2 protein chains.
Amino acid sequence: MKVIDCVGIVTPCKLTFDSPLRLQSGQILPQFELMIETYGKLNRDRNNAVLICHALSGNHHVAGYYSREDKYPGWWDNMIGPGKPVDTNRFFVVGLNNLGGCHGSSGPLSIDPLSGVPYGANFPMVTVKDWVNSQAMLADRLGIQQWAAIMGGSLGGMQALQWAIDKPQRLRHALIIASAPKLSTQNIAFNDVARQAIITDPDFCQGQYHLHNLLPRRGLRIARMMGHITYLAEDGLGRKFGRQRQQDNYQYNYNIEFAVESYLRHQGKKFADAFDANSYLLMTKALDYFDPAREFGGDLVQAVQRITAKIFIASFSSDWRFSPARSQELLDALVSANKSVQYIALESVNGHDAFLMEDKHYHTAIRVYFNNIARELI
Amino acid sequence: MKVIDCVGIVTPCKLTFDSPLRLQSGQILPQFELMIETYGKLNRDRNNAVLICHALSGNHHVAGYYSREDKYPGWWDNMIGPGKPVDTNRFFVVGLNNLGGCHGSSGPLSIDPLSGVPYGANFPMVTVKDWVNSQAMLADRLGIQQWAAIMGGSLGGMQALQWAIDKPQRLRHALIIASAPKLSTQNIAFNDVARQAIITDPDFCQGQYHLHNLLPRRGLRIARMMGHITYLAEDGLGRKFGRQRQQDNYQYNYNIEFAVESYLRHQGKKFADAFDANSYLLMTKALDYFDPAREFGGDLVQAVQRITAKIFIASFSSDWRFSPARSQELLDALVSANKSVQYIALESVNGHDAFLMEDKHYHTAIRVYFNNIARELI
């Protein structure tokens with residue numbers, strides 16, 4: 001544990017919601033649980049709350065450590081903490097694991113109350129709109145009528161945007177980082193290959209692998225390895241690994257030979273050991289379906305018309321998963337709709353993953369933005 | 001069969017080579033066979049021969065049809081034929097299936113003369129240099145001392161480059177299209193994911209699937225689906241499929257939903273039915289290993305120093321597998337080495353696959369280049 005500017009030891013908390021949630025698909029979750037973490041204190045006016053929405057493989061553990069022995073902090077610890085860009089001395093920060101996830105919130109690993117066994121593949125498909133609705137119930141529970149800000153990168157940014165459209169009165173700022181107003185054809189194509197890798201793994205057992213004491217590890221490994229390539233920039237990957245090999249001579253076999261192979265296979269294995277395949281499938285489908293303009297005849301300007309929150313958009317130059325052009329699409333729509341919006345196009349060699357990394361310009365931009373939000377609180 | 005400007009009905013031919021071929025790996029092929037096709041006539045001076053080198057999944061069937069009922073011609077039929085850019089009225093064109101392939105040349109599907117059963121995973125790994133050596137033996141057999149030109153796209157272009165470096169006296173022109181002087185880290189990373197998809201398919205049986213009457217179709221499908229995304233441009237894919245769906249409403253399941261999914265899965269299935277998994281593994285490894293500068297301390301200028309052939313390079317703007325920048329690396333090295341080189345950077349929305357497609361500017365450039373070669377023959 002590195003204690004400097006850190007929220008310190010944190011403890012997650014599971015909240016149960018007994019009122020039914022009607023999902024976009026028409027299915028109903030009669031009850032559900034959300035795993036959350038909070039940092040900082042909610043002020044007397046209850047107006048300093050910040051919601052952090054996670055991306056594909058994130059969860060509620062956004063900052064801090066679980067114990068003094070813990071090697072790694074939460075996934076956005078460089079961003080959130082005392083004195084950090086999102087300053088927990090001033091803001092009450094809430095992280096949650098989304099519905100359908102595999103880190104404590106209701107999802108495929110949870111027991112289906114009707115059958116008494118884990119949902120597995122029977123857990124209903126959830127969408128970004130469903131997440132926003134469940135997060136609004138969470139806000140109600142925490143006594144937060146209006147978030148000071150909702151912030152997320154990638155799929156997390158999509159949730160911030162959907163909040164701003166669907167529940168305009170319930171947030172003052174949305175920070176949409178390394179995101180897009182909808183997936184491109186290429187994004188959908190990569191997601192489908194990832195899903196096919198999982199679904200055609202013989203150990204997938206039509207999603208009921210838990211009943212057979214199996215895990216579709218092969219498929220999940222392949223999906224993650226491929227995904228990982230799309231998170232990194234060609235340039236950054238080249239600088240980091242180049243054509244380095246474990247041995248100078250060619251080996252003429254299929255063992256790990258190039259350094260990048262070792263890195264990718266490690267990432268794939270780590271992920272397959274830690275993530276649930278059904279959750280991964282659900283999350284990629286939520287990405288595919290995200291398209292707030294769809295309810296407005298495909299017109300994004302119409303979709304953002306009802307937004308009252310101020311919008312902050314950031315993109316990274318080498319991000320080819322959600323390129324700066326995708327952020328600009330959203331920017332253009334917001335400007336056309338006469339909305340308050342601020343956009344920063346950051347330089348980076350770190351590709352899509354740049355949103356998770358510490359960078360002076362990036363963090364300064366977020367810090368300044370939150371300083372301004374803090375000023376509104378006084 | 002569309003007969004206009006076509007070489008017509010063609011017949012492949014298998015040639016047996018009984019002298020041993022020492023491979024770059026140190027292994028020796030005591031004998032081997034090459035499947036070839038030829039179009040046009042070798043002239044009396046034997047100086048009008050053009051060798052076509054194929055890419056990852058290509059073969060010897062470059063132009064023409066096998067029968068009047070044949071639906072599709074050879075893979076580069078739009079480029080090669082009477083009156084076409086590579087005019088078979090003037091040139092004698094040779095296509096071959098490379099060693100290690102699965103369309104008739106010696107490869108994993110061939111019977112190992114030592115064991116009497118198919119080589120399978122025991123077929124030795126071959127490199128671009130090995131292919132050049134086997135192609136030189138083919139030239140000897142055909143009585144071709146010097147090729148008028150050697151031409152290829154992608155991995156095919158790498159063979160043309162390696163020929164120019166390794167056997168400078170044996171060709172007058174090399175056409176290197178949509179290629180690169182070596183793979184990038186990202187290219188290697190995608191190849192490793194593809195190989196892992198195949199190797200971890202339970203039906204792969206460590207490459208001896210033929211002994212178990214199995215085929216690692218799942219892995220090959222995934223590898224090809226992913227590969228296919230990298231052959232197409234984001235922009236072209238978007239124009240072709242966008243976010244079109246089979247049905248307007250979201251289906252909330254994992255069946256084919258978006259049009260691009262249907263397209264990709266079809267491509268994957270078609271490939272898995274037609275291509276051998278061990279061949280695919282071999283070919284991707286030949287790509288990874290290709291690096292002609294490596295023998296010259298990593299100095300590409302040194303590597304191309306011995307070239308005497310004239311070089312033609314073409315790239316396509318939306319090709320992100322081997323981007324125009326990769327062609328320019330090669331161009332820069334050739335210019336630095338004071339070589340005769342001509343480069344055309346073509347505009348296209350078709351990504352890497354553009355090299356296979358008919359395009360006016362592209363085909364005119366090739367036509368003009370071959371007209372000039374033809375003038376040298378007189």
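**Entry 1: strands of chain B**

I first looked up strand β5(B) and strand β9 (residues 149–153) of chain B, and found that they pair in the parallel sense over four bridges. Here two strands pair if DSSP finds at least two bridges between them, and strands (E, at least two residues) and helices (H or I, at least four residues) are DSSP runs, numbered from the N terminus. In β9(B), B:M151 is the bridge partner of B:I52.

I note for myself that this is a predicted model, in which local features need pLDDT of at least 70 and side-chain atom pairs count only at pLDDT 80 or more, while totals for chains, interfaces and linings use all residues. Residues are numbered from 1 along each chain as its sequence is written, and chains are lettered from A and ligands numbered from 1 in the order in which they are written.

I then followed the sheet of chain B, where eight strands form an open sheet in the order β1-β4-β8-β5-β9-β10-β11-β12 with mixed pairing. At its edges stand β1 (13–17) and β12 (341–346) of chain B, each with a single partner strand, so one side of each is left without a neighbour in the sheet. From one strand to the next the twist averages 20 degrees, with axes taken as lines fitted to C-alpha atoms (for helices over the stretch in contact) and angles running from 0 to 180 degrees between N-to-C directions.

Are the residues of β9(A) buried or exposed? Five of the five are buried, so the strand is largely enclosed by the rest of the structure; buried means that 20 or more other C-beta atoms, placed from the backbone, lie within 10 Å of the residue's own, whereas 12 or fewer counts as exposed and anything in between as partly exposed. In a regular strand the side chains alternate between the two faces of the sheet. In β9(A), I see A:A149, A:M151 and A:G153 pointing one way, with A:I150 and A:G152 pointing the other way.

I went on to β10(A), which pairs with β9(A) in the parallel sense over four bridges, A:A174 being the bridge partner of A:I150.

**Entry 2: towards the edge**

Strand β10 (residues 173–177) of chain A also pairs with β11(A), in the parallel sense and over five bridges, and there A:I313 is the bridge partner of A:I176. I checked the cover of strand β11 (residues 310–316) of chain A and found seven of its seven residues buried. A:K310, A:F312, A:A314 and A:F316 point one way from this strand, and A:I311, A:I313 and A:S315 the other way. Six bridges join β11(A) to β12(A), again running parallel, and A:I344 in β12(A) is the bridge partner of A:A314.

**Entry 3: helix α1 of chain B**

I looked next at helix α1 (residues 128–142) of chain B, whose 15 residues reach 21 Å from the first C-alpha to the last, close to the 21 Å expected; the expected span is 1.5 Å times one less than the number of residues. Its buried residues include B:V128, B:W131 and B:A139, and what covers the buried residues includes β4 (32–39), β5 (49–53) and α7 of chain B. After the helix comes B:G143, whose phi is positive, near 75 degrees.

**Entry 4: core and contact between chains**

Which residues touch the most other members of the largest nonpolar core? They are A:V50, A:A174, B:V50 and B:A174, in a core of 232 residues; such a core is a set of buried Ala, Val, Leu, Ile, Met, Phe, Trp, Tyr and Cys residues joined through C-beta atoms within 7 Å.

Between the chains, the contact takes 39 residues from chain B and 38 residues from chain A, two residues being in contact if their C-beta atoms, placed from the backbone, lie within 7 Å. On the side of chain B that touches chain A, α3(B) gives the most, with 11 residues. I also noted that 97% of the interface residues of chain B are interface residues in chain A too, so the copies meet through the same surface.

Finally, I found that chain B can be laid on chain A with an RMSD of 0.0 Å by a turn of 180 degrees and a shift of 0.0 Å along the axis, which is the relation of a two-fold axis. The superposition is by least squares on the C-alpha atoms of residues with pLDDT of at least 70 in both copies.
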